[in-house]
Amino acid sequence: MQRYNALSVLWGGLTGQKHWQQVWGRPEPKAHYDVIIVGGGGHGLATAYYLAKEHGIRNIAVLEKGWLGGGNAGRNTTIVRSNYMIEGNTEFYEHSLKLWENLSHELNYNVMFSQRAHVNLVFSPSQRDAMARRYNLMRLNGIDGDFWDPKELRRRIPHLNYDHGRFPILGAYVQPRAGTARHDAVNWGFARAATALGVDIIQGCEVTGFIHKAGAVVGVETNRGGVAGEILADKIGLAVAGHTSVLAHKAGLGKLPIETHKLQAYVSEPIKPIVDQVIVFGGIGHFYISQSDKGGMVFGGDLDKYNSYAQKGNLPVYENVMAACMQILPCLGRVKLLRQWAGVMDMSMDGSPFITKTDIPGLYLNAGWCYGGFKATPGSGHTFAHTIAKDEPHWANARLTLSRYREGRQIDETGHGPVAKLH
Amino acid sequence: MLRIPCPFCGTRDHTEFSYEGDATVVYPALDALEEEWFEAVFLRENLRGPHSEVWHHLYGCRSFLIVERDTLTHEIGGVRLAHQPTAEALMQGGTK
């Protein structure tokens, strides 16, 4: 792999930018792999990378039905945080955040991870108390958390609607180490680094079925057709959040604690720097916003709240999100929207994911990310790779099992109970 | 906007309704085995394509309706009352 560094940028500038090399190719699938990862989003690519890097498995394929990062990896609002309070989530997301902190160096690729702070606004004394509990628990677990009083908040984010009659801002709970990253760069960085370690990334290759032998999964059928359409593997990992149930049915896993829902996101025209954090208006409404390095305001809100595999959003939620935006940042009222889109997500029954072996030998599952999968990308890949390679979970994903629902150990961060659309 | 043809109120925006999920889930008897309860509470077919689901016409006639809707295209097929005895009573000329 050609290393990127300041000197190569300088040299490229002086020599007409002719030094760039292709970073991943278009390999034909082989007849057999040690491990196949289904899904070429961030989680799948990260899994392949860590399998090759940390577990010495080099004969790996990542199968992607569309193109790299064309699913939720390229559709999210790029927020990275670890402000969780329940065991299972706390250690996993903090593990992931620590991997983010060194990811650009790890991949030799600038993923533009910016620890600009995640700011949870509070609007009532009871909300402040509930948040205090969360952020105190985080601190006890070694995760950073802080409180900004109204004075400090006004100094750092002057444009918020502080004197709103209905939603007076009483302060904010903050995770200073949280922030944003460039989502495409994360996918490309992992794809480049995985390719350099010998991973085959095969795009336009849809898994249409599974090959079973003596109760185990031993390969996949793909849309490549004929003999070339069948690819055998010792181990197969699914990282296809949004479409997990579709593939699980094909693999014989049956029903899962998942409903597929869609979530919209929005980006405005680029404007001058106005918001230097990730701001969340939660509790009363549901709205989160940050500003990309290009200047676009990137924001989102609630799910559309009915089962859907359509990657298109509906207008009532659109209106709701804009209304929430106007409540806390009315200064954006005249800013034009540039784009709006939707992605489909695995909404799990307790709002938390699973990274686990399955009851079918040879089949491993990474799913249930709800709408918080982006921040988990490195942690998910790292622990899923460990689970696949060692046949046992990493300490960070040991509680993210499928069996927890049966055992009554749900990891229900928001306390909404087994209603997928509410998480 | 989804437009749901309510048998009582006519075709209305889906924002008048509350979505209650998969209509094929059957809740077991209270003393049924834990396994049956586990399946009813937590596991879902989560189909991509035709899907039977319950919508509650919360801001209308407050009826629970079973709507046949495609989860990929959002196309709505049939709509019927979820509560069978009520449907039968109405068929027989109303609730006296």
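1. Let's start with a word we need: two residues are in contact when they have heavy atoms within 4.5 Å of each other. Keep in mind, too, that this is a predicted model. Now look at chain B: among its contacts between residues at least 6 apart in sequence, 41% join residues at least 24 apart.

2. The C-alpha atoms of chain B fill a box of roughly 40 × 40 × 20 Å along the principal axes. Of its 96 residues, 36% count as buried.

3. Over in chain A, have a look at the open sheet of eight strands. Their order is E5-E6-E4-E13-E14-E15-E12-E16, and the pairing is mixed. Which strands sit at the edges? Strand E5 (146-148) and strand E16 (337-348) of chain A do, since each pairs on one side only. On average, neighbouring strands of this sheet are turned by 25 degrees against each other, direction ignored.

4. For a close-up of that sheet, pick strand E12 (258-270) and strand E15 (296-307) of chain A. They pair in the antiparallel sense over six bridges. To find one of the partners, go to A:Ala265 and look across to A:Gly300 in E15(A).

5. Next, a helix pair. Two packed helices are described by the angle and the distance between their axes. Helix H3 (89-101) and helix H10 (377-390) of chain A have axes that come within 7 Å and cross at roughly 105 degrees. Angles from 65 to 115 degrees count as roughly perpendicular, so that is what we call H3(A) relative to H10(A).

6. Who touches whom here? From H3(A) come A:Phe92, A:His95, A:Ser96, A:Leu99 and A:Trp100, and their counterparts in H10(A) include A:Pro378, A:His382 and A:Thr383. The residues of this contact divide into four nonpolar, seven polar and no charged.

7. Finally, check helix H7 (183-196) of chain A. Its 14 residues reach 20 Å from first C-alpha to last, close to the 20 Å expected at 1.5 Å a residue. Is H7(A) mostly covered or mostly uncovered? Mostly covered: eleven of its 14 residues are buried, among them A:Asp184, A:Phe190 and A:Arg192. What covers the buried residues includes helix H2 (42-55), H3, helix H4 (103-107), strand E8 (200-203) and H10 of chain A. After H7(A) comes A:Gly198, with a positive phi near 100 degrees.

Terms used:
Residues are numbered from 1 along each chain as its sequence is written. Chains are lettered from A and ligands numbered from 1 in the order in which they are written. This is a predicted model: local features need pLDDT of at least 70, side-chain atom pairs count only at pLDDT 80 or more; totals for chains, interfaces and linings use all residues. Side-chain values use heavy atoms; hydrogens and water are left out. Two strands pair if DSSP finds at least two bridges between them. Helices (H or I, at least four residues) and strands (E, at least two) are DSSP runs, numbered from the N terminus. Axes are lines fitted to C-alpha atoms, for helices over the stretch in contact, and angles run from 0 to 180 degrees between N-to-C directions. Angles under 35 degrees count as roughly parallel, over 145 as roughly antiparallel, 65 to 115 as roughly perpendicular and the rest as oblique. Ala, Val, Leu, Ile, Met, Phe, Trp, Tyr, Cys and Pro count as nonpolar, Asp, Glu, Lys and Arg as charged, and the others, Gly among them, as polar. The expected span of a helix is 1.5 Å times one less than its number of residues. Buried means under 20% relative accessible area, exposed over 50%, partly exposed in between (1.4 Å probe, protein chains only).
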